[in-house]
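Thanks for making the time this morning. Please bring the model up on your own screens, and I will go through its sheet, its cores and one of its pockets.

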Amino acid sequence: MNSHAIAAGHAERLATVDALLPEMPALEPVDGSVSLSATADDSAAAGLSVRTEAGPDSVDSPWRALVEHRLEARLTGPRPEAALDALLTRWDEHLKAVAPPGDVETAATVVRPSRDSAGSAELLRRGFAPVLVIAVRPADRLTMTGPPATPGVHIRPAEADDLETAVGLELELQRYDAQFGSVTLREGAKETITADLSKQLGRENPTLWIAELYGRPLGMVRVQFPDETSWIRDRVAADRVGYLSSLAVAEPARSSGVGSALAAHAHQVFDECGTEAVLLHHALANPRSTPFWYAQGYRPLWTYWQRRPAVR
């Protein structure tokens, strides 16, 4: 079965799984990629393994291994889990030839539609764990009057004088998420975060807001508007896609309503600019973020299964 036939079968199968999944055409090779295929039990799989690398001082480096091998897969037939298992066997053979064993800065990642559970047991048996999720929230969930006020909470656009506060909140967030495998703390993290956040302050169209609890700045939220989300827009069946980059609340203010107020503010901003869907990443094992985000109207759309080191 050729890759286009497999992609067509894959699309037909997923159309019954999740209406918010985008169209997924046949996989096209890119520079440095390796195409793979496999069959099993009258089912077939096509895959594309792509290697990417990030410098340790890059903005993206906390959220990934420095070297990542990512597998995109298309599955069709009566037993897609068997096809995926056969494809993973082929991929493991490839990884053993190109990835150093035991290197914790080399990861193997498979991104699967969250509601497509076929193959989950096969991934677990091969040492993969569900680490990260792209969650989605359809737009227009708020009333025209906006979110209700939270006692003691005031939200305002961040200003230049808020840089130290924002950096501290982002560092606290990264340290907390590092416990769950979705973040790697890097040397020079404070300097990298400072440079990144400096670009967000004082913009005519704000993308970063500070939450004050009885006058103390104890939370923040960062967003990307639809004209800035081309890097992730193809992950959802929507045209105008917003991205919630991060939401951080200082430890003394947790469970005070600050986080919910910040999320509601961001959603109102997205709704006002005509956003059709909002995406965000969160650590699946985080006992705070998973229930929090789903209480705000999100649900899992894509799940990142990761094995780190890529070869053990």
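Leaving aside its neighbours within four places in sequence, which residues is V221 in contact with? Keeping in mind that what we have here is a predicted model, the answer is T207, L208, W209, L244, S246, L247, L262 and A266. V221 also belongs to the largest nonpolar core, which has 40 residues, and together with L244, L247 and V258 it touches the most other members of that core. The elements that give two or more residues to this core are β5, α4 (163-177), α5 (189-198), β7, β8, β9, α6 and β10, and of these α6 gives the most, with seven residues. There is also a second, separate core, made of 23 residues, and it includes A83, A99, L123 and W305. As a general remark, nonpolar side chains in soluble globular proteins tend to be buried together.

Let me turn to the sheet. It is an open sheet of eleven strands with mixed pairing, and its order reads β1-β2-β3-β4-β11-β5-β10-β9-β8-β7-β6. The strands at the edges are β1 (34-40) and β6 (153-157), and because each has a single partner strand, one side of each is left without a neighbour in the sheet. From one strand to the next, the twist averages 25 degrees. Within that order, β4 (residues 106-113) pairs with β11 (residues 299-307) in the antiparallel sense over six bridges, and in this pair V111 stands opposite Y304 of β11.

Helix α6, residues 258-272, packs on the sheet, where it touches β5 (129-138), β6, β7 (208-213), β8 (216-224), β9 (241-249) and β10 (277-283), and its direction makes about 160 degrees with that of β9. Is H265 buried or exposed? Its relative accessible area is 18%, and since buried means under 20%, H265 counts as buried. If we again leave aside neighbours within four places in sequence, H265 is in contact with I155 and W209.

Finally, a word on the second largest pocket, in which about 190 Å³ of space lies. It is lined by 17 residues, of which S3, L36, S37, A46 and G47 are the closest to its centre. The elements that give two or more residues to the lining are α1 (3-14), β1 and β2 (43-53), and β1 gives the most, with five residues.

Definitions and conventions: Residues are numbered from 1 along each chain as its sequence is written. This is a predicted model: local features need pLDDT of at least 70, side-chain atom pairs count only at pLDDT 80 or more; totals for chains, interfaces and linings use all residues. Side-chain values use heavy atoms; hydrogens and water are left out. Two strands pair if DSSP finds at least two bridges between them. Helices (H or I, at least four residues) and strands (E, at least two) are DSSP runs, numbered from the N terminus. Axes are lines fitted to C-alpha atoms, for helices over the stretch in contact, and angles run from 0 to 180 degrees between N-to-C directions. Contact means heavy atoms within 4.5 Å. Buried means under 20% relative accessible area, exposed over 50%, partly exposed in between (1.4 Å probe, protein chains only). A nonpolar core is a set of buried Ala, Val, Leu, Ile, Met, Phe, Trp, Tyr and Cys residues joined through side-chain atoms within 4.5 Å. On a 1 Å grid over the protein atoms alone, a cavity is a set of points where a 1.4 Å probe fits but cannot get out, and a pocket is an open set with protein on both sides within 12 Å along at least five of seven lines; lining residues have an atom within 4 Å of a point. Grid points are joined across faces, edges and corners, and a volume is the space filled by probe spheres set on the points.
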